Amino acid sequence: MSLVDDFVREFYVERKGTNSLKHDALKRRFGDENLLGMWVADMDFKTPNEITNALNERVNHGVYGYSFVGDEYFDAFFSWQKDNYGVELKREWIRFNTGVVSAIYLAINAFTKPNDSVMIITPVYYPFKNSIIDNDRNLICSEALLKNGEYELDFDDIEQKIRQNNVKLFIHSSPHNPLGKVWSDDELSRLFEILTRHNVLIISDEIHQDFMMSSKPFISALNVQNGKFSDNLIVMTSASKTFNLACLLHSVTIFKNEKLAKIYDEMAKRFHQTETSILGVIAATFGYKYGKKWLESLKVTINFNYEILTESFKNENIEIFIAPLEGTYLAWLDLNPYTKDTKDFMQRRCGLAIDYGEWFGKNAKGFIRINLATKPEIIKTATTRIIKEIKANF
Ligand SMILES: Cc1ncc(COP(=O)(O)O)c(C=O)c1O
């Protein structure tokens, strides 16, 4: 038995009938409950046993009263960041949230005013755009450029738009969802130089940091040029993508700059956004302490799924752009050469529920995002259906 087989046998789980957004909200979101759910970024795998056991222990204790975050959590989180990414943290820099998206909404309110300009690199995780629009801020997008099969930042466009729109805040996805791009030290340095030169505050959303799928290393914004940009930086992360804990509602926001932390604290206090979920804290602690081996097997499984996807098209001589999977567990494909109506193609003909490119950015129409964090059989089914429909038309 291979490692992938072992991992799937132990951790894959049927999620239908559990109020899962991915599998049970298909009618609501896509108008058809019979689609195969391959969208939203969570996984069809159980968390590491150590997390489940720790949660069980707390559940058996039976009390969930007011709590604080103890030493064990900080030790586990700080060791994870230091051992894996060389990031050194201190307690006074840490704030907690119920999720990275909530933290972004709060930060927008803390650090900008209505009508201020906030910039993102598109296509990008769509709540970034929503957080800007919902708060009546001015949305400024710079398109990532696709050059020789790789995505790049358009530094000239970024700088020009900052100048033209007096941009105050920049929200970065690192690694990038949905492009699967791991930003290099050079790319981050150049970007942060521009942003800092123009006094644009940086939010670095690093929630997918633990999914380095190639040999490229993850560089936290905190470590770019030995921490040169820390004063102009807010870093957000969570164990929720890593260990499949999204609905336990726990994430971290990091401020090295005391003044920024103070401004943020005042805003968080106004909305009393200072509590933590005890189950989220326990799950993160035990994931960071004991989840490394599970994560390594998970990543092998995701890479195996990515290979099924890419090899299947190759074997059928179908030329299709699939972004290199450097980071995240999300595949990004361009269906433009094969259909003008992606929704009809994916839903009516293939029976698949995926994330549509236009959700992530205007110019990404015809692209799709497929969630690879499931068992290989499902990736094979989806790929076979797509290939069959492409062939039926060409
Ligand atoms: C880049 C990015 N940020 C944030 C989130 C969601 O974070 P949370 O559930 O903690 O709000 C996701 C989920 O897919 C994501 O891809």
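I first noted the term that I would need: a residue is buried under 20% relative accessible area, exposed over 50%, and partly exposed in between. The model is predicted.

Entry one, Arg 91. I looked up Arg 91 and found a relative accessibility of 38%, so Arg 91 counts as partly exposed. Arg 91 forms a salt bridge with Asp 71, with 2.7 Å between the closest N and O atoms. Asp 71 belongs to helix H5 (71-85), whereas Arg 91 sits in the loop between that helix and strand S2 (94-97), so the pair ties together parts 20 residues apart in sequence. I recorded Asp 71 as partly exposed too, at 48%.

Entry two, pairs within helices. In helix H1 (residues 3-11), Arg 9 and Asp 6 are three residues apart, which means about one helical turn. Their side chains meet in a salt bridge at 2.7 Å, N to O. Arg 9 is exposed at 56%, while Asp 6 is partly exposed at 34%. In helix H11 (residues 258-270), I found Lys 262 and Glu 266 four residues apart, again about one helical turn. Their salt bridge has an N to O distance of 3.9 Å.

I noted 23 salt bridges. Arg 15, Lys 22, Asp 42 and Asp 44 are linked in a network of them.

Entry four, the whole chain. I listed 16 helices and 15 strands. The radius of gyration is 21 Å, which agrees with the value near 21 Å for a compact globule of 394 residues. Of these residues, 58% count as buried.

Terms used:
Residues numbered from 1 in each chain as written. Predicted model: local features only at pLDDT ≥ 70, side-chain atom pairs only at ≥ 80, totals over all residues. Heavy atoms only, no water. Rg over C-alpha atoms; globule rule 2.2 N^0.38 Å. Buried < 20%, exposed > 50% of the residue type's maximum accessible area, 1.4 Å probe, protein only. Salt bridge = Lys/Arg side-chain N within 4 Å of Asp/Glu carboxyl O.
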